[in-house]
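Subject: A structure for you to look at

Hello,

Here is the structure I promised to pass on to you.

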Amino acid sequence: MAKDLTNSRLDRQNILNNEIAIDEIQQKSGIDGILWDGKIFVTREMTANFFEVDIRTISRYLEQNGEELSANGYQVLRGKKLKDFLESAKDSGKDICVPTKTTVLGVFDFRAFLNMAMLLSESDKARALRQLMLDIVIDLINCKTGGGTKYINQRDKDFVFSSLQEDNYRRQFTDALKNYVEDNRYKYAHFTDMIYVSIFREKAKEYKKILDLKANDKVRDTFYSEILDIIAAYESGLADAIKCEYERVDHILTQQEAEELFRRFENMALWKPLIQRGRVKMASRDMALRDAFHYQLSEYIQPLDKDEYEKFLGVAGDELDKLMQENQEVLRRLKERD
C-alpha cells in the first residue's frame with residue numbers, strides 16, 4: 001500500500017528503526033555532513049540549505065515535532081559538546097556559519113535528518129529523498145526474501161521448533177475432535193477458525209486474503225513463532241478439556257457443547273497477556289515487513305524496534321534462510337512423521 005511519510009509517524013518510525021536500511025540510505029543518498037562522535041551530523045542551517053527551504057521552516061517543524069525529532073537523534077549542543085563539535089567541523093574544513101559567541105547549537109544526526117525529510121512537505125528535495133527511502137526499504141526486503149515476503153517469518157531462528165511443536169499439538173487437538181465431538185465434516189475447519197479468531201480476530205480465509213496467499217498456501221507456514229506457540233497452547237489445552245468433558249458427561253459432545261467449552265477456555269485470564277503480545281507481534285511485523293494491514297488488529301500496531309529488523313533482515317536470518325533451503329526435504333519429513 002502507498003505510504004505517505006509526511007502523515008504517518010508509524011511509517012516514519014518503521015524506516016528510522018531499520019538500521020540495515022538506514023545504512024544503505026546513507027551510502028546512496030550522498031548526504032555530506034560533519035563526522036563527530038562516530039556519526040554524521042548537520043546543523044539546522046545546513047539542513048535548510050540542503051532542502052532549499054528557509055531556516056524558519058526548519059525551526060517551525062522542530063517546534064511542532066520536537067519530541068519525535070529528539071527521539072530520533074536531534075540534539076542541542078552546549079558547553080564541551082559544542083566545543084568538540086565545532087572543532088570537528090573546523091578539522092573537516094567545513095564552514096558551518098556559526099557565530100563565534102554561539103553557546104547553543106541544534107544539530108541533526110543522519111536519522112534525525114531523514115526524519116526531517118519525512119516531515120517536510122514544502123521541499124521537492126525532501127520529497128525525492130522520501131521516495132529514495134521507500135525504494136531502498138522495499139528493495140532490501142525483496143532482496144532478503146527472494147522477491148516475496150510470504151515466508152519472512154521463517155527467518156526467525158525459533159520458527160522451526162515452534163512449527164514442529166505446534167504440529168504435534170495439532171494432532172492431539174484433531175484427535176480430540178474426532179473421538180469426543182459429534183461427527184461433522186466442517187468441525188475441524190470450524191474450531192480452527194474459532195482458535196484463530198480468538199487469538200488474532202481473523203478466520204483462515206480472511207488471513208489468507210490479507211497476506212494475498214494462494215489457495216494451496218499453508219497458513220501456518222506463514223505464522224510467526226509466537227503465534228504458533230499460542231496456537232499450540234490452545235490446541236493442547238483444548239484437547240485435554242474436550243477429553244475431560246467427554247469423560248464427565250459420558251457421551252459424545254455436541255458441537256454446541258464443544259463451542260461452550262471453547263468459550264470458557266478462551267476467557268481464562270491467563271490468555272490475556274499472551275494474546276496481547278501475539279497481536280502486537282503479528283500486526284506490527286506484517287505492516288512493516290509484509291506491507292499487510294490487519295484491520296481487526298489496527299489498535300495493536302506499533303513501530304518495529306531495531307532488534308526485530310535484525311532478526312528478520314540481518315545476517316542471522318540470511319544464514320537460517322540458507323540452512324532451511326538446503327534442508328527442505330528433512331523438514332518436510334519431520335512434519336510428516338507419525
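Start with helix α1 (residues 9–16) and helix α7 (residues 110–119), whose axes come within 10 Å and cross at roughly 150°. An angle over 145° counts as roughly antiparallel, so α1 is roughly antiparallel to α7. The crossing in which α1 passes α7 is right-handed. As you look, please keep in mind that this is a predicted model.

Next, the aromatic rings. How many aromatic pairs does a search of the whole structure find? The search finds 20 of them. A pair of rings is described by how far apart the centres are and by the angle of the planes. Here are two of the pairs for you to find.

One of them is formed by W36 and F85, with 5.6 Å from centre to centre and 85° between the planes, an edge-to-face arrangement. W36 lies in strand β1 (residues 34–36) and F85 in helix α6 (residues 79–91), so this pair ties together parts that are 49 residues apart in sequence. Are these two residues, W36 and F85, buried or exposed? Both are buried.

The other is made by Y196 and F223. Their ring centres are 5.5 Å apart and their planes stand at 90°; over 60° counts as edge-to-face, so this pair is edge-to-face. You will find Y196 in helix α10 (residues 187–200), while F223 is in the loop between α11 (204–210) and α12 (225–249), so the pair ties together parts that are 27 residues apart in sequence. Y196 and F223 are both buried.

Rings can also join up in a group: F50, F51, F110 and F113 are linked into a cluster by ring pairs. While you have F50 on the screen, look for K125, whose charged end sits over the ring of F50, 4.1 Å from the ring centre.

Now move to D124, which lies in helix α8 (residues 124–145). Its relative accessibility is 57%, and exposed means over 50%, so D124 counts as exposed. The side chain of D124 makes a polar contact of 2.4 Å with the side chain of R127.

S70 and A112 are 42 residues apart along the chain, and their C-alpha atoms are separated by 7.5 Å. With a relative accessibility of 42%, S70 counts as partly exposed.

Finally, have a look at the backbone of two residues in loops. E52 is not a glycine, yet it has a positive phi of about 60°. E52 lies in the loop between α3 (44–51) and α4 (55–64), and at 64% relative accessibility it counts as exposed. R201, in the loop between α10 and α11, is not a glycine either and has a positive phi of about 65°. At 30% relative accessibility, R201 counts as partly exposed.

Enjoy exploring, and write back with any questions!

Best wishes

Technical notes: Residues numbered from 1 in each chain as written. Predicted model: local features only at pLDDT ≥ 70, side-chain atom pairs only at ≥ 80, totals over all residues. Heavy atoms only, no water. Phe/Tyr/Trp six-rings, centres within 6.5 Å; stacked < 30°, edge-to-face > 60°. Helix = DSSP H or I, 4+ residues; strand = E, 2+ residues; numbered from the N terminus. Buried < 20%, exposed > 50% of the residue type's maximum accessible area, 1.4 Å probe, protein only. Lys NZ or Arg CZ within 6 Å of the ring centre and 35° of its normal. Polar contact = N/O pair within 3.5 Å; in protein donor to acceptor, adjacent residues only side chain to side chain. Axes fitted to C-alpha atoms, helices over the stretch in contact; angles between N-to-C directions. Parallel < 35°, antiparallel > 145°, perpendicular 65-115°, else oblique. Left-handed = near helix turned anticlockwise from the far one by under 90°.
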